[in-house]
Amino acid sequence: MVKVSGGGTSPKAVAAHLQYIDRHGKLDLELDDGELLKGKGSGENLADEWDLEAEAAETGSPYGGKPGRKAAKLAHNIVLSMPAGTPPDRLLAASRTFAREQFALKHRYAMVLHTDQYHPHVHLVVKAISEQGERLNVRKATLRGWRREFARHLRDQGVEANATERAVRGE
């Protein structure tokens, strides 16, 4: 499953989510360049390194000056999960490959594997503005494509997976 679980509209919100996913420094944050950030405060440091304050200021107002508009996201929170019994190491390997193919050299990202619940899952935080200044807009078609690609990467790892849409499954 690939799900967008939200996103931070302020540097503080992005840092808070990074702290949540790394369990306040107890888990390693894996970055897009393969570096592992360890320890308390890693999430805050990463949010500073991504220079989210400048990007938030660049938009002028968090609402872009238009009444009724939601604040623009500075980062997208994505969850890549599989049912209980899925080998966590294979899920992480598929997640790494998926993130690299979708976002490398474009959008900065960080990920963490969680195995503390009945189903293993990877939290992926993707910076909304690319290194080239382009915004990542996640639409339904984008999610469908991501689901297909993630399923392919899982199959490459020997994990049975498909990207069947809810309507096809009768849900």
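## Close-up views of a predicted model

Figure 1. Glu-101, Glu-149, Arg-152 and Asp-156 are linked in a network of salt bridges. The structure shown here is a predicted model. Glu-149 counts as partly exposed because its relative accessibility is 25%. Arg-152 is also partly exposed, with a relative accessible area of 30%.

Figure 2. Side chains of opposite charge can pair when their charged atoms come close. In this view, the side chains of Asp-116 and Arg-23 form a salt bridge with an N to O distance of 2.7 Å. A search of the whole structure finds 9 salt bridges.

**Figure 3. The salt bridge of Lys-38 and Asp-28.** The side chains of these two residues, Lys-38 and Asp-28, meet at 3.6 Å, N to O. Lys-38 is in the loop between β3 (36-37) and α2 (42-49), and Asp-28 is in the loop between α1 and β2; the two are 10 residues apart. How exposed are the two partners, Lys-38 and Asp-28? Lys-38 counts as exposed because its relative accessibility is 58%, where the cut-off for exposed is over 50%. Asp-28, at 31% relative accessibility, counts as partly exposed.

**Figure 4. Strand β5 and its pairing partners.** Strand β5 has 6 residues, and 5 of them are buried, so the strand is largely enclosed by the rest of the structure. β5 pairs with β2 in the antiparallel sense, over 2 bridges. In this pairing, Leu-31 has Ala-110 of β5 as its bridge partner. β5 also runs antiparallel to β6, and 6 bridges join these two strands. Here Leu-113 has Val-122 of β6 as its bridge partner. A hairpin of 6 residues connects β5 to β6.

**Figure 5. Pro-83 and its contacts.** Pro-83 lies in the loop between β4 (75-81) and α4 (88-103). Which residues does Pro-83 touch, leaving aside those up to four places away in sequence? The residues are His-119 and Pro-120. Pro-83 and Pro-120 are 37 residues apart in sequence, and their C-alpha atoms are 7.0 Å apart in space. Pro-83 counts as exposed because its relative accessible area is 51%, with the cut-off for exposed set at over 50%.

**Figure 6. The whole chain, for orientation.** The protein chain has 6 helices and 6 strands. Read along the sequence, these follow the pattern β-α-β-β-α-α-β-α-β-β-α-α. The chain has 171 residues, of which 40% count as buried. Of the contacts in the chain with a separation of 6 or more, 67% come from residues 24 or more positions apart. The chain exposes about 9600 Å², and carbon and sulfur atoms supply 48% of that area.

Note on methods: Residues numbered from 1 in each chain as written. Predicted model: local features only at pLDDT ≥ 70, side-chain atom pairs only at ≥ 80, totals over all residues. Heavy atoms only, no water. Helix = DSSP H or I, 4+ residues; strand = E, 2+ residues; numbered from the N terminus. Buried < 20%, exposed > 50% of the residue type's maximum accessible area, 1.4 Å probe, protein only. Contact = heavy atoms within 4.5 Å. Salt bridge = Lys/Arg side-chain N within 4 Å of Asp/Glu carboxyl O. Areas by Shrake-Rupley, 256 points an atom, 1.4 Å probe, with all protein chains shown as cover. Pairing = 2+ DSSP bridges.
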